[in-house]
Amino acid sequence: MSKQHEVVLFSSTAIALYGYDQGMMSLINTNYDYLDTMGIAEESPLVGIIVSVYYLGCAVGAVLASQLGDYEGRKPSIRACLIVTAVGDLFMFVAGLGYSRGARIMMLLGRIIMGLGVGGIDAVIPVYSSELNESGARGRALAQEFQSNIFGLNMAFGINLGLTKGLGKENQWSWRIPIVAMQVYPILLLTFIYRLPESPRWLIFHGRDDDAQEALIEIYGNEESEGKLDELKKAHDEETSHSIGYNDMIWPSGKQFHPTMVTVMGQVNQALTG
């Protein structure tokens with residue numbers, strides 16, 4: 001398997017993690033033991049609040065991870081996000097396990113922490129994948145990666161349904177197992193990430209041309225790497241001559257405000273329509 005295929009496989013698995021987390025709470029919210037452990041009624045607004053704080057964490061995590069990825073590198077940012085995701089998931093798993101007081105707080109904290117990690121993954125992974133794929137293959141790679149989002153979503157639905165049917169809604173393990181099963185994703189990804197190079201584009205941006213050359217050789221081989229290095233240097237020089245910052249994207253007077261808003265509203269509409 002080529003290094004580019006490994007990158008796509010890694011990125012697809014990371015996006016599947018995002019999909020799994022989207023569908024994880026589906027039948028958990030109807031589990032009688034879960035509701036009793038959290039101390040909430042079946043139709044209480046708290047059911048929705050526990051679900052939605054995750055997305056608040058995602059929004060904050062996406063910004064923080066993007067900045068970390070810009071300053072420290074794509075791989076350190078991804079690694080940090082995977083660890084945070086795993087920690088948040090463990091908080092959720094142990095919420096009310098052998099105790100009842102504070103279970104809801106533990107679940108809320110777990111949802112927020114996991115959201116920070118998953119939001120960061122969803123922000124940094126597409127950038128990392130694009131920077132390690134050739135321009136002609138980026139669209140196809142991103143399409144394959146986000147197809148895996150649906151795979152993760154269906155995986156969560158399937159595990160939830162199977163355990164609910166098999167163990168019943170009164171059994172605590174029919175809601176705890178789907179939560180802890182998510183640990184498979186960060187463990188696999190943290191194990192595999194060491195095989196992958198840092199983004200050559202990021203390395204060039206930070207003046208590490210020798211490291212960028214090594215990364216390009218690892219991705220493309222000796223023959224293509226020289227030409228790729230020159231291309232990236234040229235692109236870097238062009239980008240630095242008219243750099244774009246976050247202020248250019250979030251304020252109406254910014255150069256990239258309108259393209260950013262089109263992208264944001266597209267994602268909002270996708271979320272609103274399910």
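The legends below describe several close-up views of one predicted model.

**View 1. Confidence along the protein chain.** The model shown here is predicted, and the mean pLDDT of its protein chain is 87, with 94% of the residues reaching 70 or more. Among the elements of the chain, helix α4, which covers residues 74–94, has the highest mean pLDDT, at 96, whereas the lowest, at 71, belongs to helix α11, which covers residues 222–241.

**View 2. The aromatic pair of Y20 and Y185.** The count of aromatic pairs in this model comes to five, and one of them is formed by Y20 and Y185, whose rings are 5.9 Å apart from centre to centre, with 50° between their planes, an arrangement that counts as tilted. Y20 belongs to helix α1 (residues 3–23) and Y185 to helix α8 (residues 184–192), so the pair ties together parts of the chain that are 165 residues apart in sequence. Y20 has a relative accessibility of 1% and therefore counts as buried, and Y185, with a relative accessibility of 6%, also counts as buried.

**View 3. The aromatic pair of F93 and W173.** The ring centres of F93 and W173 lie 6.2 Å apart and the ring planes meet at 45°, so this pair is tilted. The two residues link distant parts of the chain, since F93 is in helix α4 and W173 is in helix α7 (residues 173–180), 80 residues apart.

View 4. With its relative accessibility of 36%, W173 counts as partly exposed.

**View 5. The cysteines C58 and C81, without a disulfide.** The count of disulfides in this model comes to zero. For C58, which is in no disulfide, the nearest cysteine sulfur is that of C81, at a distance of 10 Å, and C58 counts as buried at 10% relative accessibility. C81 is likewise in no disulfide, its nearest cysteine sulfur being that of C58, 10 Å away, and at 7% relative accessibility C81 counts as buried.

Technical notes:
Residues are numbered from 1 along each chain as its sequence is written. This is a predicted model: local features need pLDDT of at least 70, side-chain atom pairs count only at pLDDT 80 or more; totals for chains, interfaces and linings use all residues. Side-chain values use heavy atoms; hydrogens and water are left out. pLDDT is the predictor's confidence in each residue, from 0 to 100. Helices (H or I, at least four residues) and strands (E, at least two) are DSSP runs, numbered from the N terminus. Rings of Phe, Tyr and Trp (its six-membered ring) pair if their centres lie within 6.5 Å; planes under 30 degrees apart count as stacked, over 60 as edge-to-face and the rest as tilted. Buried means under 20% relative accessible area, exposed over 50%, partly exposed in between (1.4 Å probe, protein chains only). A disulfide is a pair of cysteine sulfur atoms within 2.5 Å.
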